[in-house]
Structures are given as structure tokens and as C-alpha cells.
Amino acid sequence: MSPSHFVALSVVLFVIGAIGVLVRRNALVIFMCVELMLNAVNLAFVAFARLHANLDGQVIAFFVMVVAAAEVVVGLAILMAIFRARRSASVDDANLLKY
Amino acid sequence: MTAVHLLAAGQATSAGASVTFWVLAVLSVTAALGMVLAPRAVYCAVLLAVVMLSLAVLYAVAGAPFLAFVQIIVYTGAVLMLFLFVLMIVGVSAPDSMRETIAGQRLAAGVAGIALLVLLSLIVGHAAIGPAPPAVAGFSVGNVRGLATLIFTKYVFPFEVTAALLITAALGAMVLAHRERTSPKPTQRDLSQQRVAGSHPSPLPGPGVYARHNAVDFPALLPDGRPSELSVSPIIVARESELGTGPAAALPPGGGAANGAAGEQDTAGSEPEEARP
Amino acid sequence: MTSSLAAAHAASGTTALAAVGVQRAAWLLLAFPLAGAVILLLGGKRTNRWGHWVGVLMPVAAFVYAVIAFIAMLSYPANQRTRVLTLFTWIHVARFNVPVGLQLDQLSICFVLLTTGVGSLIHIFAVGYMSHDPERRRFFGYMNLFVASMLLLVLADNYLVLYVGWEGVGLASYLLIGFWQYKPAAAVAAKKAFVANRVGDAGLSVAIMLMFAVFGSVTFSGVFGQAGKASQGVVTALGLLLLLGACGKSAQLPLQSWLLDAMEGPTPVSALIHAATMVTAGVYLIVRSGPIFDLSPHARLAVTIVGAATLLFGAIISCAKDDIKKALAGSTMSQIGYMMLAAGLGPAGYPFAIALLLAHGFFKAGLFLGAGSVKHEMNDEVDMRRLGGLRKIMPITYVTFFVCYLAIIGIPPFSGFFAKDTIIDQAFSKGGTSGAILGTAALLGAGLTAFYMTRVMFMTWAGERRWDADAHPHEVPPVMTSPMILLALGALGWGAFEILGDRLADFLGPVTGYVPPEPDPFSVAGIAALVLVVAAIALAWAMYGRRPVPAVAPAARFPVTAARRDLYGDAFNESVLMRPGQWLTRLSVYFDNRGVDGLVNTLAAAVGGTSGRVRRVQTGFVRSYALSMFVGAVLLVGALLLVRV
């Protein structure tokens, strides 16, 4: 149960979240996968704080949470605005920025 | 619980900590996989909640009790609930299509993901991450106090900036979600005029008004004994006809309160009209 | 013999002293005609009334000075007559040092006297000949420009200044051939002359470059002094390149096609430039560059071959030409062939080449002026088939023409006999197969010369009057007859003067490096030539004197048709040079359009096409963009891992 285990778990969760972002089409699910990635990173920070026996890692994890919360707020507001206009939550439908 | 206590607990009962860790690790990985693969968005949200909760426990095990609680309260309790609200607005019922529209996306994503996994494992394995050292000064002062000291001395500037960020985010959300009225807000007079000029001037009957039973899902009876589709919410009608059980199942689907007054006024067995859009 | 001659030549050639006394004003020789040209050409129409007199005065003044300088030269001992007057330094860049200097020695004074003397006479003639031409002033301006350039050419003490004069006479020739610009034939002929000369000029300029590269100097003393140190290949190359230059200027094979066309210019031009002076510049170059040719037997052989071939070529052409001026032009080509032949025989032949050159200056100029008088009186008619019977009408012209005719065909005691027969003799005495061939060619040429000149005589002066209805010829005014008379006198006596007693050879000895023994004009070769000449005269009389001359040229068989077409000279140039040049141009254009432009366009099209394909990466799907970002991040992590590990 050394910090390396935590970091390994964090890596696995991160990769799962990354694949999820690429594979899912529903905007909300993609958002949730991004949250998963952020959580994984938080876990890594906490593990490293434990490793170095100082609290800086936890402070950073704290700030990450704050920022993630702000990001979710704005992102979901955007999503709502797009949904009202297009009545679809699929990211594939927003494909006008193409050749 | 102080950090020391936890740490001591962690070190003294490392077996317990290990078990905790492994159980939670398996749980969180399974939940994460499930989240990525589930077709319905609501299931994804719930599975994410599971992941976040198990992570909270892991934080606690790793000597960050404050963060553990913040994780539960803020992340799972607020952020995830926000997700659920938006899910409700957007539409919770329909499952997503799992057919991939972009050629090669899944393959490429899989390959890249495995590559990243391998690389990061190499890094992690290569790095010298030794066992946790014994508890030191920062941890022993008390987790909350230690964190507070750090936040308000060393990291005060990022703290202030993050505060500004939060304010900006809140403002931004308000602006983005705001819907500008294109027409003036209808006053009570406007609404009553619309009602009188429309097909059904009188207020719609509440559920169960004419009924013997007092339940939301129980349709009211018309004078001739037929159930009134107007009296039950169409959502409940749809649900119950799907399920096949319940008092509203007898009602024709798609009917209900949205029906016009014609169905109500015509007492001699008129056909129900199509739902008003 | 070659190397000792070269050594003697080099030894004599390098003792150049500074000019003193009267010869210090040698720049006047250039200043007079140049001033005349400037006044007449820049003065414009204001000088129209008196311009031609200025144009005559300048060459006469130059001639007067030339005589004074000549007398001064005669007062010096024979081996101190080479005087150099350095005017200024033109180019001085690192090792390249080119002074503008005038070298007055025996060779150059001959040419100066010829140019200014015969030139003055021709200028006087032109006053009368061009009297009806409104552009007479411009004509004299160009003629003076020519005289100035020719004098610069023969007086230069280094090859580069010689080249300046060379180009100057080329320019003047172009301007004068195309004097009547409104005539398309004249303009085309001028261009043809210039382009053909250009080919020769290229040879001369490469020779000068080679001289600088090998010897580090372009002055005569510098080049001749070091000629012995250069390799055989270099010297032969120099000789051949100089020969190419000479061929261009002197209308020798293979650059002979322009001379007959140059007869489009006014007759004084033909007389001065294309008979007496410019075309002899090539011979001057060869003789002056004697030390180089002395070291290269191959180059010398080439000179003799060119000379022999051209003398026959010109003679054959002249036999079939009905235009009197073109017949005389072919004759010029042939006579210069003789001079080239003599020059190619080495120091033994140099003085005889110059002897013929000076004599030719007299009699050919006289012949051309006579033809010009005829043309002037017969309303510019030059077709001999429409002349005839002019003997009694223009007696003075006839007599002078007749004297020059006797001179050119080599009847003793007229000048041509002495000059030409010595050359034939020298050719035979060269020995071996080459000597025999050259001598035979020269002999044959003498016979042909007699034939075609007699033909001209009979067709123009004797026989029936085949004139146009509106022709009313009479004798030309004195301003035109006096020069002809003087030239005829020169044609009469000059030959004997220069050859008997080896006078000219003695005089030129210090420059050419060797004094050949006095030739015997009545040697076997001389007698044979005389016999051939008489036979040819008889034949021409039988064909043209006894029978009436048809007014229209009769249809003829091979040799005559070939001769009428200039022995296919133009056809050859066209098929060998012009058509391939045209094909090359078309090929280049094609290559430029398809190749170069194609390359550029293909490049542009490739860029366009590639970008058209590549832009499809922008699918618009957020997830593909996310994928590319992710892959990029993975690669970055991998790179970091590699670097850190």
C-alpha cells in the first residue's frame, strides 16, 4: 500500500477516463470522463503528498477540485445553451468547423 | 480523526489499509469501466459517484481526511448533482447509440490509451517511489490546520486567484444559461386571455378530482365513467403503459392532460384528440 | 628557321622607342577625322551646306600629317623606326594594364598612308557622287568615323585598342551599308554584315582574353616578347582565333557571305571600306601578329588554306555575277584571298601580302569609283546586261577603269603583275605538296581573275547599247574624275615601284623580321600566269566580245548556276547555322514552357493538391481533434521518457 500503488491506480483511472472522452458521443458523458481524469490526478497528488510527507500535494489537489468545480459550472452552462439551440447533446452534431 | 491517527492506523494496521486499498481499487476501476461503457447517461453519473466515493475513502487512507470530506461534499455532493440536474434537462430517458460514427476512432483511442498506460507505468515503475516515510511535522499539526497554514501563507496568491475564478465562473454560467425573452413576459391577464380564447377555458382538472382514489397516477372519471386522460401527467401515463402496470395503464398513451377540451366536453364517447403540442 | 626567325622578329619587334619631334603629334591622325565625325553628326542639319567640305578636309589633313610623319620616319635609321606615343592609360586594374598608345612603325605607316590617301580621294569623289542625296552630310560624318576607327585600328600598340578600332570600323560599315535605311535590302545587308563580323569578333576577343590569361599583357611588345614561352597548343589556338577574326573582317571563308550583300551601300562606301581598307584589316592583323604565327605551323597552314580556298571561291562567283558591283566584290574577296595566302607563307610572304594590299587599294578603289560613275550616270543601273557601249560616252572613266583593269589582271608593267605574280611564285617555292597545291590554286585564280574582269569590261564598256530608254549618260564632273585619274596613276606605277629593288620588303624588314630576296617577276610561275591570263582574255572576248550579250541572263548548267547563287554560301549558312539556331530557340522555348514553367506549375499544383487532401483532416468532429491531441500528448510523454531515461 505504498504510494506507488496509489499512483498506479491513478494512472489506470486516468487512462480509462481519457479513452472515455474519445469514445463517447454524449457531451455530458464526456464531461463526466473528464471529471474522472481530474479525480485520478487528485489521487496521484495525494499519494505524492504522502510520499514526501508534506501537505503541498494536498493543497494542490484542493485547488484542482476548486477549478474543476468552476469548469463544470461553465461547461454545463455552455452545454445547456447549445442544447437549447440544437436540441441535441451529441458532440458530433457540432461539426461545422471543418474543411 | 487526525491525520496522525489515520497514519498511525495506516501504518499499524497496514494489512487493513491494504485490504481497503485493494477492494476500493477494484471497485473504482470497475465503476470507471462501467461508466465509460454504459449506454445510459444516468448510469454513467451514478457510477461516477461510486468512483468518487471510493476515492474519498482512499484519500482518507492516504492521510488526507480534509480532502476526503471535501471530495464527498463538494465533488460528489455538488458537482455530480449538477451533472444530474443537467441530465434531467437534457433528457434522461433515451440511451445513447453506441455505434461509432468516426472510422477508426475506437481503434486509435484504444491504441493510444494502451500506449499511454504503458508509458506511464514505465515512468512510475522507473521512478523511485519508495515506501511512505514516517509521519512528519506537517502531518502532525493537524490536517486541517496544516492545510490552512499552507493555503493562507504559501499559496495565498493562487487562493485569491481561484476565488476570482469562482466568481467569474458563476457569472459566466449565469450569462450563458440566461434566456433572453424574445417577447414580453405574459402577464396573468395575457395567460387568462389565452386560456379563454383557447380550446379549454376552464382550469384543467387536478388528478383524481373526480375519482374515488386520491393518487397522482389514478385517472379521474368522466361523468360517463370513462377515465379522463386529462387528469394524469403524460409522463406517468407513458411510464405505466411501458411497465404495463398501474392505474394509468388503462389510459391510452400519449393522452392525458395535454388533451384538448373537446375530449372533455364531448361526453358521448368521442375519440381522444391528439396531444396538443 | 622558324625559331630563329621568331627570335629575330621578337628581337626587332620589341625595340620600340618613344615618339619624338613631329611624331609626337600623331594623335592628330585620330583627332582630325574624329572631329569631323563629331561636327557633322552632332551638328545636324545646320551643317548641311558646308558639311561635306569638312568631311573631305579631315582625311586630307590627316593625310598631310601622315606624309610629314612618314618623312620624319625615313630620317631615322632603319632599325629605329618603331615609335610609340602613349596617350594615356586606359585600364589599370591589378595585373591588367592597357595603355592607349599609337605605334608608328613601317607597317602601320603603310596602312595610315593608304587609308588617308585613298580615303581622301574617295571622299572627294563622294562629294560629286552624293550631290543629289539630302543626307550627304550624315554620310560624310559616318565616313569620317570610319576613317578615325580604321586609323585607330592600325595605329594601336596593343590588341585591346586595336579591338576598339576593329569594332569601330564594324559599326561604321553597318551604318554605311544601311545608309539608305528606307531600303529593306540595305537594312538587311547591313545587319548581315554586322552579324557575320560579330562571329569573327568573338574569335578576336577570345584571342585577346587568352593572351591576357597566358602572357599577362595585351600589348604587342608584351605578347610577342613572351610568345616563345607559351606552349604549342596555346600559340596554335591564338593563331586560329586571330584567323577567325580576320576572316570575319576580310570576308574570307567561312565568313564571306556578307561582302556581296554589302554592295547595297553607296559606291564610295564599297570603294573605301569594302575594297581598300576595312577588308584589309584582317590581313593587317595576321601580319602584325607575325610572331605568333611564326611559332605555329598549323595556324599558318590554316591561313594559307583559307586564303587559297577563298581566292578561288571569290573568283568563281565573280564569273557569273551580272551586277557590276557584286562582280567587283567577288573580285575583292578573291584578291584578299591572295593576300591571306601570302601572309600564311610566313615572313617570306608578309611583304608581298602588304605589297598586293597597297596595290589593290589603288586599282580596286579605281574600279569601284568607275563603276560608281557608271551607276551614277545610268540612273543607278548596275545590271551589266543593261549597260554596254559606254566607251565613247564616258572616256575618262573608261580609261581609268581600263588601267585599273590591266593592273588587276596582272599585265606588266602595271602594279598587279608585280604584286600578284610574286605571290604565286612564293606559293610554289614553299615546296612540297602544299606548295604545289597553293601555287596551282593561285595560278588558276589569276586566270579566272582575267576572265571575269574581261567579261566586265566587255559587258559594260564595249558592245551594243542595251540601256533603258530614259538613260542619258555623259561623263561625270571633274570632282569625280580627278580621284579616278589619281588612282589610275597609282595602279600604273606603284607595283613596279614597290617590288623592283625589293623596296617594300626592305622597308618592312624590321617589322616582319625577314627580308626575302628580290623576286623575279618573270620566273616560270610568272610566265605561266601571263600565258593563262592571255588565254582567259581570249576566252572572255570569244564569249562576250564577239557575240552579243543577252539582255536576260540565259539559263545555265551547274557551275554557272552555283556561281550565281554565291556557290551556295548563303544556303550553307542557313542550313548549318540558321536552322539549327532556330530549332535550338524553339527547343528552348518549348523547354521553358513545358519544363521550367511545367516544373513551377507542377509544384504549385502539387501544393494545391496536397493541401486539398490534407485539409480533410479537419473533419469538424471534436472527438477526432481530441484524439489527435491525445496522441500528441502520448508522444510527448514518450519523448520525455526517452530523454530522461
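**Contacts, burial and salt bridges in a predicted model**

In chain A, 57% of the contacts with a separation of 6 or more come from residues 24 or more positions apart; contact means heavy atoms within 4.5 Å. This is a predicted model, where local features need pLDDT of at least 70, side-chain atom pairs count only at pLDDT 80 or more, and totals for chains, interfaces and linings use all residues. Residues are numbered from 1 along each chain as written, chains are lettered from A and ligands numbered from 1 in written order, and side-chain values use heavy atoms, leaving out hydrogens and water.

Student: Why is D56(A) called buried?
Tutor: Buried means under 20% relative accessible area, exposed over 50%, partly exposed in between (1.4 Å probe, protein chains only). D56(A) has 15%, so D56(A) is buried.

Student: Why is K154(B) called exposed?
Tutor: K154(B) has a relative accessible area of 51%, so K154(B) counts as exposed.

Student: What makes D56(A) and K154(B) a salt bridge?
Tutor: A salt bridge is a side-chain nitrogen of Lys or Arg within 4 Å of a carboxyl oxygen of Asp or Glu. Here N to O is 2.4 Å. D56(A) lies in helix 3 of chain A and K154(B) in a loop of chain B, so the pair joins two chains.

Student: What makes R455(C) and D322(C) a salt bridge?
Tutor: Their closest N and O atoms are 2.9 Å apart. The pair ties together parts that are 133 residues apart in sequence. Both R455(C) and D322(C) are buried.

Student: Why is R226(B) called partly exposed?
Tutor: R226(B) has 30% relative accessibility, so R226(B) is partly exposed.

Conventions: Helices (H or I, at least four residues) and strands (E, at least two) are DSSP runs, numbered from the N terminus.
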